[in-house]
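Please have the sequence and the coordinates open beside you.

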Amino acid sequence: QESGEVIKAKVFAANAGGLSATLGDLDAKAFLPVSQLSNEHYPRIEEGDRTKIAEELKKFIGQELTVKILDMNPRSNKLIISEREVLSANVKELLAKYSVGQIVDGIATGIADFGVFVRFIDDPQIEGMIHISELEHRIIDSPKEIVKINETIKVKIIDIKEGRVFLSLKALKSDPWDNVAERYKTGQEMQGTIYKLNPFGAVVNLDKEIQGMIHVSEFGGAEEMKAAIAIGQTHSFLIDSVKTEEKRIILKLKK
């Protein structure tokens, strides 16, 4: 661990949390958490289903991975290892020529419920992440609505930290909230389509770019809300308030 030596680990078991392995010729057991897998091996499972993640990781049983020792878990007497750390030194060197604010060409290599993995076309060893909140200016239910696997896209680098690069797609799109006050006024009657139901209320599509929110208290409770509205339905709403700085339009259901 102190020398940063790179060693081989043979995987003998897997669960949703990661991989169990033995190290080289040593009679030592180790655990490789999912978060310490390389981007190439990271399970891209929709909605973070733990059962599906465990099934995906089982394919590594019997394989050898190149790792570094990260730490020791005194409770289980197991070493904690990392595959990602082996690659990070080279990736950090490659990332040195990139800077925050730069626009790069990439290919969408994986889609998970939390975002999209993007490999740089010029440097395929670099794979960044677009968090779901950086895909669109509106709330979206799944990244699949915006990006397809193997699609070529332009992205903006918004952060580089510890060998990881964070990207944005929405940063390259004009912000529809810049002129929302000209289009939407308090008291205005609007037609809107229910997009998403949450415990605290509903997200309503007012047009292709702008969404409004109606609080669950407008219905009396979650069950009453589900009885009154459903995803895909169109209803008449009144705009209760427009908060452009917070990017929020509060709605009431027209009686």
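Predicted model: local features only at pLDDT ≥ 70, side-chain atom pairs only at ≥ 80, totals over all residues.

Of the 255 residues of the chain, 40% count as buried, where buried means under 20% relative accessible area, exposed means over 50%, and partly exposed lies in between, with a 1.4 Å probe and protein chains only. Residues are numbered from 1 along each chain as its sequence is written, and side-chain values use heavy atoms, with hydrogens and water left out.

Let me go on to the overall layout. The chain holds 4 helices and 15 strands, where helices (H or I, at least four residues) and strands (E, at least two) are DSSP runs numbered from the N terminus. The radius of gyration of the chain is 23 Å, well over the 18 Å that the globule rule gives for 255 residues, so the chain is more spread out than a compact globule; that radius is taken over C-alpha atoms, and the rule is 2.2 Å times the number of residues to the power 0.38. Along its principal axes, the C-alpha trace of the chain spans about 75 × 45 × 30 Å.

Now to the barrels. In one of them, 5 strands close in the order 1-2-3-5-4, with mixed pairing, and the twist from one strand to the next averages 50°. For those angles, axes are lines fitted to C-alpha atoms, for helices over the stretch in contact, and the angles run from 0 to 180 degrees between N-to-C directions; two strands pair if DSSP finds at least two bridges between them. Strand 1, residues 7-15, pairs with strand 4, residues 64-73, in the antiparallel sense over 4 bridges, and Lys10 has Glu64 in strand 4 as its bridge partner.

A closed barrel of 5 strands also runs 6-7-8-10-9, again with mixed pairing, and here the twist averages 50° from one strand to the next.

What lines the largest pocket? There are 29 lining residues, of which Leu37, Ser38, Asn39, Arg84 and Glu127 lie nearest the centre of the pocket. Here the calculation uses a 1 Å grid over the protein atoms alone: a cavity is a set of points where a 1.4 Å probe fits but cannot get out, a pocket is an open set with protein on both sides within 12 Å along at least five of seven lines, and lining residues have an atom within 4 Å of a point. The largest pocket holds about 640 Å³ of space, where grid points are joined across faces, edges and corners, and a volume is the space filled by probe spheres set on the points. Helix 2 (84-95), strand 7 (115-120), strand 8 (127-131) and strand 10 (164-168) each supply at least two residues of that lining, and helix 2 gives the most, with 6 residues. By type, the lining divides into 12 nonpolar, 10 polar and 7 charged residues, with Ala, Val, Leu, Ile, Met, Phe, Trp, Tyr, Cys and Pro counted as nonpolar, Asp, Glu, Lys and Arg as charged, and the others, Gly among them, as polar.

Strand 11, residues 189-198, pairs with strand 14, residues 234-243, in the antiparallel sense over 5 bridges, and Gly192 stands opposite His235 in strand 14. Strand 11 also runs antiparallel to strand 12, residues 201-205, joined by 5 bridges, and a hairpin of 2 residues connects these two strands. Ala202 in strand 12 is the bridge partner of Leu197, and Ala202 is in turn bridged to Ile214 in strand 13. Strands 12 and 13 pair in the antiparallel sense over 5 bridges, with a hairpin of 5 residues between them. Why is strand 13 largely enclosed by the rest of the structure? Of its 5 residues, 211-215, 4 are buried, so strand 13 is largely enclosed.

Finally, two backbone details. Asn150, in the loop between strand 8 and strand 9 (152-161), has a positive phi of about 70° although it is not a glycine, and Asn150 is exposed, with a relative accessible area of 59%. Lys247, in the loop between strand 14 and strand 15 (248-253), has a positive phi near 55°, and Lys247 is partly exposed, at 37% relative accessible area.
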